Amino acid sequence: MVTGDRVSVLEGQDVWTIESVEPRKTELVRRGRGGRNAKVLVANLDRVFAVLALGQPPVSLDLIDRLLVLIEASGMSPILVLNKLDLDGAPTMASEFKSLYEGIDYKTLSVSAVTGDGLEPLRSEIMLGASVLIGPSGVGKSSLLNALDPELGLRTHALSRKSGGGRHTTVSSRMIRLTGGGLIADTPGFSDIALWEVVPEELASCFPEFSGPASMCRFRSCTHVEEPHCGVRTGVEEGQIYESRYSSYLKLREEAVAAAAK
Ligand SMILES: Nc1nc2c(ncn2[C@@H]2O[C@H](COP(=O)(O)OP(=O)(O)O)[C@@H](O)[C@H]2O)c(=O)[nH]1
Ligand SMILES: [Mg+2]
Ligand SMILES: [Zn+2]
């Protein structure tokens, strides 16, 4: 059983007994090296937010794609949240990212936990069910939740000066009910995304916009790397697939193949 599981309980005098666990609607899975050691982190989530900061810690297309892929690998469609919109240069960056990612149908929200900018659209999404915020440490996940529901009082952590990265402050695993509505899973293990891996064979399916072009590949087992008559590579050449997405694919694929071989 994991956080988010729905169970039937038998009410006793002193102890309640779990009679059965309902089949899961969704599972958020973290896989280790080579796709092995899969671990279900949370069950029955409706939404997964991929949270990054528009600076501090620095963001890149590479990092965004990595995070989106890890979530897609569980069969869930992420919503991209770009926090720290108040920082210098952030609005320009935000609008560039937004046009790229909305171009491939990822809903993208730009927000600031500090100024409250953009929080309402985030709130309306969160109110709709059970969610989780995933992203590197220090991007402001706890700060955003506190801004949405000041009663939460989650601990936040100033960036450590040395690394520019954040530190873990979340310890136990639980579901939080927000005062305004919505459930949020608060689980350790959402920050160490460097430890998440994807199976090489499943990687292409984590890039939703590849699926149309991939149907044109000559070989059904095409890896879209160097095979002739590859629909994905044609898609890149013809501008239907962004080059940054394809290069993220190649990079992640190389890593996944190397990890699987170990
Ligand atoms: N400038 C700015 N700083 C923020 C914002 N949100 C969070 N922070 C800061 O970023 C640091 C990490 O925030 P925290 O919520 O602990 O990040 P988490 O590790 O993702 O939960 C803290 O010092 C926050 O004060 C924001 O919107 N703008
Ligand atoms: Mg936190
Ligand atoms: Zn191909």
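This is a predicted model: local features need pLDDT of at least 70, side-chain atom pairs count only at pLDDT 80 or more; totals for chains, interfaces and linings use all residues.
Residues are numbered from 1 along each chain as its sequence is written, while chains are lettered from A and ligands numbered from 1 in the order in which they are written.

Figure 1. Helices (H or I, at least four residues) and strands (E, at least two) are DSSP runs, numbered from the N terminus. Along the principal axes, the C-alpha atoms fill a box of roughly 65 × 50 × 35 Å. Of the 262 residues, 37% count as buried. Here, buried means that 20 or more other C-beta atoms lie within 10 Å of the residue's own, exposed means 12 or fewer, and partly exposed is in between, with C-beta atoms placed from the backbone.

**Figure 2. Where domain 1 meets domain 2.** The protein is divided into domain 1 (24–195) and domain 2 (200–261), with bounds from an automatic or database domain assignment. Their centres, taken over C-alpha atoms, are separated by 26 Å. Domain 1 brings 13 residues to the contact and domain 2 brings 12 residues; two residues are in contact if their C-beta atoms, placed from the backbone, lie within 7 Å. On the side of domain 1 that touches domain 2, helix α1 (residues 61–72) gives the most, with 6 residues. That side divides into 5 nonpolar, 2 polar and 6 charged residues. In this count Ala, Val, Leu, Ile, Met, Phe, Trp, Tyr, Cys and Pro are nonpolar, Asp, Glu, Lys and Arg are charged, and the others, Gly among them, are polar.

**Figure 3. The largest nonpolar core, with 61 residues.** A nonpolar core is a set of buried Ala, Val, Leu, Ile, Met, Phe, Trp, Tyr and Cys residues joined through C-beta atoms within 7 Å. The residues with the most contacts inside this one are Ala-50, Leu-52, Val-81, Val-132 and Ile-134. Domain 1 (24–195) and domain 2 (200–261) both give residues to this core, so it lies between them. In soluble globular proteins, nonpolar side chains tend to be buried together.

**Figure 4. Ligand 1 and helix α4.** The ligand is surrounded by 19 residues, and the closest are Gly-140, Lys-141, Ser-142, Ser-143 and Thr-156. A residue is near the ligand if its C-beta atom, placed from the backbone, lies within 6 Å of it. By class, the shell has 6 nonpolar, 10 polar and 3 charged residues. Helix α4 (residues 141–148) gives the most to this shell, with 3 residues. In α4, 6 of the 8 residues are buried, so the helix is largely enclosed by the rest of the structure. Those buried residues are Lys-141, Ser-142, Leu-144, Leu-145, Ala-147 and Leu-148. Their cover includes β5 (47–53), β6 (78–83), α3 (119–126), β8 (130–134) and β10 (183–186).

**Figure 5. Tyr-106, in the loop between α2 (90–102) and β7 (108–110).** Tyr-106 is buried, with 20 other C-beta atoms within 10 Å. Leaving out residues up to four places away in sequence, Tyr-106 touches Leu-68, Pro-78, Leu-80 and Tyr-101. Met-76 is 30 residues from Tyr-106 along the chain, and their C-alpha atoms are separated by 12 Å.

Figure 6. Arg-218 has 10 C-beta neighbours inside 10 Å and counts as exposed. Apart from neighbours within four places in sequence, Arg-218 is in contact with Pro-228 and His-229. His-229 has a positive phi, near 55 degrees, and counts as exposed, with 11 C-beta neighbours inside 10 Å. His-224 lies in the loop between α6 and α7, with a positive phi of about 65 degrees. His-224 counts as buried, with 24 C-beta neighbours inside 10 Å. Most residues other than glycine have a negative phi, and most peptide bonds are trans.
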